[in-house]
Amino acid sequence: MQDIAEQLHAWHAAGRSFAVATVVGVSGSAPRDPGAALAVDAVGEAIGSVSGGCVEGAVYELCRAAIESGEPVLERFGYSDEDAFAVGLTCGGILDVFVQPVVPGADPALDAGIAYIASGTPVALARVIAGPAGLLGATVAVTADAHHGALSPAPSTTAPLERAVVAEARAMLDAGRTGRLVLGLDGRPCDDEGQGTVTLFVESYVPAPRMLVFGAIDFAAAVVRIGRFLGYRVTVCDARPVFATARRFPDADEVVVDWPHRYLDSQLDRIDGRTVLCVLTHDAKFDIPLLERALRLPVGYVGAMGSRRTHRDRNARLREVGLTDAEIGRLRSPIGLDLGARTPEETAVSVAAEIVAHRRGGSCLPLSAGHGPIHHDLARAEAAEQPAERPRERSHAA
């Protein structure tokens, strides 16, 4: 929903009813991750996507029906060899889609959640997608220090459950996680969906992940552009004011003139495990103090530009300042994948490809060279967790 938040906020501010269809479960080679959303307003305008085209038409009609009925619905879209022309996913995956109608002013949690998302305030929306009929669609919006909405018009009957939902959603928000949550009616965590349980889908909306690009060189401009394309909030930092200018980096969210290590020290409360650092200066007086700090921080990726010789010299200098082999081993250097890149744009593609592969667990091999799952992160998640019982709602096979 974050991708379409601006338009949803505009509809909401104008008092226009709409319905939001959200991917709340995936299995196999599904085209979109949980949290992907499509919304349709009362006059039929549609924004967003839940499947990249496979089932958009059917989901659109579900949204129109939800607006008319005022009732939420959980729908499954899958694949069936017996009915190849039915609505479904040609890739063989399964999508669970929850459709919820929204009437501005009717639900305090949805009203607050849409406002928080549009303003960039971190918030988690916890919505009941399966369980007792009276709770289906109930929503609680949770921030770091407050929550809005209730699971039931009679709070005393769901108080333990609501307290648990708020606590669990706040923990997921703190970790930036989106996913299913299964609780008993008494608020206790459950391993499986079934009688006497409530299944919620918790969507955490947090600011865009950060990309810090150190070194205001021509290659940096290309990295900035592709970083923005990937959805990062991009900062360029360089100690040299003649190079670090907004004119040279119009695609950057901000350009900072400061020593790289000093700027990084000032950002410790604004970086997390999603943050990526691209060190492009390949100048020891800038790189070593910066990497000495960066490689000890819980960031998602640290890469540094330079030749093989520069890499060996840099590693020796990092050992001299006290970094361990394990800490140095976190450094991606020379930065990027081996694509044979020459130009700044080709180099930026190489860097971006390595960042995506590192984040998602990709092998970096051509897809045509393998036979396993395309989406490595989903395969790992499915292997690590026992699959929960799937919703027993109406189903479309394809």
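Trainee: Which residues touch the most other members of the largest nonpolar core?
Mentor: Met211, Val213, Phe249, Leu280 and Ile355 do, out of 26 residues in that core. A nonpolar core here is a set of buried Ala, Val, Leu, Ile, Met, Phe, Trp, Tyr and Cys residues joined through side-chain atoms within 4.5 Å. Buried means under 20% relative accessible area, exposed is over 50%, and partly exposed is in between (1.4 Å probe, protein chains only).

Trainee: And which elements give two or more residues to this core?
Mentor: Those are strand E11 (210-214), H5, E12, strand E14 (276-279) and helix H10 (344-360). H5 gives the largest share, six residues. Helices (H or I, at least four residues) and strands (E, at least two) are DSSP runs, numbered from the N terminus.

Trainee: Where do the model and numbering come from?
Mentor: The model is predicted, with local features needing pLDDT of at least 70 and side-chain atom pairs counting only at pLDDT 80 or more, while totals for chains, interfaces and linings use all residues. Residues are numbered from 1 along each chain as its sequence is written, and side-chain values use heavy atoms, with hydrogens and water left out.

Trainee: Back to Met211, what does methionine 211 touch?
Mentor: Leaving out residues up to four places away in sequence, Met211 touches Val223, Gly227, Tyr232, Arg233, Val234, Thr235, Val276 and Ile355. Contact means heavy atoms within 4.5 Å. There's another core apart from that one, with 22 residues, including Leu277 and Ile328.

Trainee: Which residues of H5 are buried?
Mentor: Ala220, Ala221, Ala222, Val223, Val224, Ile226 and Gly227. Their cover includes E11, E12, E14 and H10.

Trainee: How far apart are the end C-alpha atoms of H5?
Mentor: They are 18 Å apart, and that agrees with the 16 Å its 12 residues should span at 1.5 Å a residue. The expected span is 1.5 Å times one less than the number of residues.

Trainee: What comes after H5?
Mentor: Glycine 231 follows H5, and its phi is positive, near 95°. Leucine 230 lies in the loop between helix H5 (218-229) and strand E12 (233-238).

Trainee: Is leucine 230 buried or partly exposed?
Mentor: Partly exposed, because its relative accessible area is 32%.

Trainee: You mentioned peptide bonds. Where's a cis one?
Mentor: Between serine 333 and proline 334, with omega about -5°. Proline 334 is in the loop between strand E16 (331-332) and H10.

Trainee: What about threonine 281, buried or exposed?
Mentor: Buried, because its relative accessibility is 11%. Threonine 281 touches Phe214, Gly215, Asp238, Phe286 and Asp287, not counting residues up to four places away in sequence.

Trainee: Last one: how many helices and strands are in the chain?
Mentor: There are 11 helices and 17 strands. Of the 398 residues, 45% count as buried.
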